[in-house]
Amino acid sequence: MTGELRRIDMTVNGRARAIDVLPHHTLLEVLRDDLGLTGTKECCLVGECGACTVLVDDVSVDSCLMLGVEADGASITTVEGLAFGERLHPLQQAFLDTGAAQCGFCIPGQLVSAAALLAETPHPTRAEIEEGLAGNLCRCGGYEQIIEAVAAAAAAGDHPGRAASTGHAGVPAVGDRASTPDAELAPQ
Amino acid sequence: MHAFAYERPRNLADALGLLTDLGTEARPLAGGTDLIIRIRDGSIRPRTVVDIKGVAELERGIREDDDHLTIGARTVMTDLLRDERIRRDYAALAEAAAVVGSAQIRNRATLAGNICNASPAADTAPALLAYGARVVAVGPSGSRVIPLDAFFVRSGVTTLAAGELVSAIELPHPSTPRGSVHVRRTRRRGHDLASVTLACTVDADGTTRIAYGSLGPRPLLVVDETGVLADPAATDDAREARLAALFTDATPSPRSMRASPEYRLAMLRVLGLRALRTAVERLGTGGRPS
């Protein structure tokens with residue numbers, strides 16, 4: 001019984017996926033190794049750095065601390081699911097505009113955490129941004145620019161949120177569409 | 001991570017059956033924020049992981065009962081800190097839940113799991129002890145209620161029997177107006193384990209309850225019924241003398257990397273006094289955090 005493959009059904013970045021996973025493989029491993037979605041990063045593996053942050057049913061989690069089999073029936077959004085085709089997510093654009101990405105390794109997790117924060121709190125205070133991103137470490141120490149980027153995206157008000165899942169301001173909600181990268185990267 | 005089998009029982013009987021049959025070879029999985037780390041670092045090697053999130057009888061949510069709130073086994077930290085009843089009547093628990101890990105951790109970590117892991121530094125433990133929380137355990141021979149103070153033994157060890165699961169945590173309704181608060185000391189801002197974690201409740205009848213963790217093998221509860229601590233007119237000297245007498249059982253480990261025993265003991269007195277002032281203040285303003 002140990003090590004037996006299990007079939008799970010999940011929606012990843014808007015696309016239905018049915019895959020066989022090993023019970024001891026984390027959601028992080030399933031996303032990166034089985035689905036080829038390498039935007040989600042592996043780093044500390046103890047839930048401290050946040051590089052592996054994804055949304056599971058719109059809630060941010062460390063995918064290194066969740067088994068792939070636990071995601072059966074869930075809807076997952078990774079950093080690859082934030083952009084809409086060629087059009088960047090407002091947070092991605094704000095990160096570019098403020099120079100928030102230095103080496104870039106933590107940025108996928110920072111973006112996903114920020115997306116979760118803004119969905120819940122569309123106009124966060126600085127303290128709320130700091131707390132919302134406290135589970136995402138940046139080894140370059142670029143916190144000021146990251147906080148500035150999230151504040152800028154919030155101020156622009158052009159971000160998708162839960163209340164906006166019907167297409168507020170012309171920006172589709174997170175996880176509400178099929179994204180191109182994973183479709184191309186991972187044969188089913 | 002080593003290979004293991006995964007079971008997701010749909011009801012309590014099946015879950016308890018699996019845990020009884022498999023014994024120490026099985027580990028229950030709720031939020032996984034401690035379990036997965038311990039499996040990965042090799043400190044435990046279960047052959048089967050029993051995911052309890054599909055068990056119909058184990059609730060996620062907070063229910064109003066006659067004389068208490070019932071917090072279901074699958075309730076996560078984020079649920080607690082967003083619940084209006086918890087924020088109003090159990091402010092210290094809401095404040096403690098808000099500092100457990102990061103947003104990502106709080107979205108997965110359950111209150112029951114925090115208690116079952118029995119870390120001396122568990123941030124929710126002092127608040128639960130101060131509020132007189134009870135643990136509802138279910139096992140093959142039925143269910144029983146364990147006062148939380150009789151649940152903790154030492155780091156990682158509780159009085160939960162083999163084959164038992166925690167199905168809920170009960171929080172008695174306050175019997176008098178009450179002010180309460182949670183405070184902690186960490187090495188850094190942002191998320192970190194506590195060097196001292198402490199909760200304080202002050203009742204209108206003059207009873208003060210202080211519980212603290214990270215200063216010995218298990219979190220401890222002390223109760224002051226002299227009224228000295230609850231007296232808004234008491235001097236700091238009088239309070240400090242009373243606190244020093246109450247904190248004599250603190251035995252911080254000399255081997256911890258987070259803080260020296262001397263520092264922890266000093267901070268215990270500082271945080272005790274600070275928490276007391278806040279709890280007395282909150283009692284004066286109707287028990288709510290200002």
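**Close-up views of a two-chain predicted model**

**Figure 1. Contacts and make-up of chain A.** Among the contacts in chain A that link residues at least 6 apart in sequence, 63% join residues at least 24 apart; two residues are in contact if their C-beta atoms, placed from the backbone, lie within 7 Å. The model is predicted: local features need pLDDT of at least 70 and side-chain atom pairs count only at pLDDT 80 or more, whereas totals for chains, interfaces and linings use all residues. Residues are numbered from 1 along each chain as its sequence is written, while chains are lettered from A and ligands numbered from 1 in the order in which they are written. Chain A has six helices and five strands, in the order β-β-α-β-β-β-α-α-α-α-α along the sequence. Helices (H or I, at least four residues) and strands (E, at least two) are DSSP runs, numbered from the N terminus. Of the 188 residues in chain A, 49% are buried. A residue is buried if 20 or more other C-beta atoms lie within 10 Å of its own, exposed if 12 or fewer, and partly exposed in between, with C-beta atoms placed from the backbone.

**Figure 2. Helices α2 and α5 of chain A.** Helix α2 (residues 90-98) of chain A packs with helix α5 (residues 143-156) of chain A at an angle of about 130 degrees, their axes being 8 Å apart. This angle makes α2(A) oblique to α5(A). Axes are lines fitted to C-alpha atoms, for helices over the stretch in contact, and angles run from 0 to 180 degrees between N-to-C directions; those under 35 degrees count as roughly parallel, over 145 as roughly antiparallel, 65 to 115 as roughly perpendicular and the rest as oblique. Residues of α2(A) in the contact include A:L91 and A:F95, which meet a group in α5(A) that includes A:A149 and A:V150. By class, the contact of α2(A) with α5(A) has nine nonpolar, two polar and two charged residues. Ala, Val, Leu, Ile, Met, Phe, Trp, Tyr, Cys and Pro count as nonpolar, Asp, Glu, Lys and Arg as charged, and the others, Gly among them, as polar.

**Figure 3. Helices α9 and α10 of chain B.** Helix α9 (residues 236-246) of chain B and helix α10 (residues 261-284) of chain B pack at about 125 degrees, with axes 10 Å apart. Therefore α9(B) and α10(B) are oblique to each other. The contact joins B:D236, B:R239, B:E240, B:L243 and B:A244 of α9(B) with B:R269, B:G272, B:L273 and B:L276 of α10(B). The residues of this contact between α9(B) and α10(B) comprise four nonpolar, one polar and four charged.
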